[in-house]
Amino acid sequence: MQGLTELLFRRVYEECFPGAIRLAVTPFLSLTHNLHNLLQSEGQSATLRQYLRDVLPEANEGSIPITPQILGKEPDEFIALANKLYDMGYEEVNWNIGCPMRNITGKHRGSGILPYPDEVRAVLDAVMPNIKPRLSVKMRIGLRQKEEVMALVPVINDYPLASVTIHPRLGRQQYTGVPDIETFCKVLPLIQHPVVYNGDIVTPEDIRHIKNICPTIADVMVGRGILYRPTLPLETAWGDDGVKDGFRTGLRRVKELNEEERLRLTKHFIGRLMSEVKNNAKSDESALRKTKEYWCMVWKGLPISEADARKVLREQELTAVDNLIAVFIQ
Ligand SMILES: Cc1cc2nc3c(=O)[nH]c(=O)nc-3n(C[C@H](O)[C@H](O)[C@H](O)COP(=O)(O)O)c2cc1C
């Protein structure tokens with residue numbers, strides 16, 4: 001997730017919960033018009049390193065294993081970037097055709113391409129024979145209407161995709177409303193690739209629920225839930241073989257969490273995250289902004305009221321914010 005599950009977050013997460021997350025899809029790398037020139041500059045260019053900073057293998061060492069994600073639909077740039085990522089060691093890349101942001105969808109990127117199956121086909125036609133890594137797709141059920149997904153199914157079935165992650169909301173809904181499980185259940189048996197469910201998974205019960213109604217899903221992807229309840233992967237993986245409720249996880253630890261332990265781990269994680277945000281920020285101002293961005297979500301894992309959580313957001317000084325958070329996680 002852009003601005004959230006970036007490298008800093010993933011490193012802190014892995015430090016606190018080693019091996020708990022099997023795989024993270026990175027925040028998207030957007031195809032830019034000068035990508036060709038940028039990639040030709042090879043390792044020398046600071047701009048290239050800045051562009052690829054979230055997926056640089058050396059920076060990700062000891063962190064959660066990742067699949068880099070690409071946003072855009074320009075075949076030449078797509079191919080160049082996918083092959084560059086392969087050469088960097090990534091055997092799979094993910095294509096984002098789910099992003100709902102208006103400045104992106106307007107250009108038929110992200111979920112903006114979903115009403116146009118011919119455009120999806122044109123991209124896959126051009127890209128698939130020419131990229132070295134496997135390709136997986138992350139999508140919504142449509143931009144404006146759920147019927148769009150039905151026209152997309154034959155298209156995505158025509159290509160050897162590694163998996164298809166479906167977030168059953170429409171792009172125009174952004175993150176509001178509830179996932180349309182009914183449409184997801186209709187589409188699931190029609191797709192000839194492993195299908196991953198994504199949307200509003202926050203508790204172990206949410207995972208059990210979706211697995212019960214859609215037993216053939218290959219996996220679940222957790223989005224905001226990883227911030228709302230960072231211990232979630234620990235709570236869903238108790239088997240020696242890393243399999244619980246039919247899902248593979250990367251977790252090596254075998255343990256059932258009680259509420260006290262869950263809270264202790266959550267507080268420790270929030271403390272580490274906030275302190276790394278501060279250590280890595282370029283200024284107090286950016287530390288303050290970033291701290292608040294994370295706080296907006298992570299407070300939900302604590303036994304505090306929304307009114308109390310909002311007190312942090314009202315503070316204008318980093319020290320005051322820090323002090324308040326310290327009280328909540330002590
Ligand atoms: C701030 C924010 C940034 C996101 N950035 C990305 C992204 O870069 N790539 C992506 O595939 N999904 C991104 N998402 C979407 C999530 O991955 C996920 O599909 C969506 O939030 C629904 O799942 P959830 O209900 O578990 O959060 C983002 C979501 C949020 C809230």
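**View 1. Strand β6, helix α8 and strand β7 form a right-handed β-α-β unit.** In this predicted model, helix α8 covers residues 148-157 and links up with β6, residues 134-142, and β7 in that unit. The two strands pair in the parallel sense, with 5 bridges between them. To find one of these bridges, look for glycine 142, whose partner in β7 is leucine 170.

**View 2. Strand β7 also belongs to a right-handed β-α-β unit with helix α9 and strand β8.** Here the helix is α9, residues 181-187. Strand β8, residues 195-198, runs parallel to β7 and is joined to β7 by 3 bridges. Isoleucine 166 is a handy landmark: its bridge partner in β8 is tyrosine 197.

**View 3. Strand β7 is covered on both faces.**

**View 4. A shell of 21 residues surrounds the ligand.** The closest are Met1, Gln2, Pro27, Gly223 and Arg224. Sorted by class, the shell holds 8 nonpolar, 10 polar and 3 charged residues.

**View 5. Stepping back, the protein has 16 helices and 11 strands.** Its radius of gyration is 20 Å, close to the 20 Å that the globule rule gives for 330 residues, so the protein is as compact as a globular protein of that length. The C-alpha trace spans about 55 × 50 × 40 Å along its principal axes. Of the 330 residues, 38% are buried.

Methods: Residues are numbered from 1 along each chain as its sequence is written. This is a predicted model: local features need pLDDT of at least 70, side-chain atom pairs count only at pLDDT 80 or more; totals for chains, interfaces and linings use all residues. A residue is near a molecule or strand if its C-beta atom, placed from the backbone, lies within 6 Å of it. Ala, Val, Leu, Ile, Met, Phe, Trp, Tyr, Cys and Pro count as nonpolar, Asp, Glu, Lys and Arg as charged, and the others, Gly among them, as polar. Helices (H or I, at least four residues) and strands (E, at least two) are DSSP runs, numbered from the N terminus. The radius of gyration is taken over C-alpha atoms; the globule rule is 2.2 Å times the number of residues to the power 0.38. A residue is buried if 20 or more other C-beta atoms lie within 10 Å of its own, exposed if 12 or fewer, and partly exposed in between; C-beta atoms are placed from the backbone. Two strands pair if DSSP finds at least two bridges between them. A crossover is right-handed if, with the strands pointing away from the viewer, the path from the first strand over the helix to the second runs clockwise.
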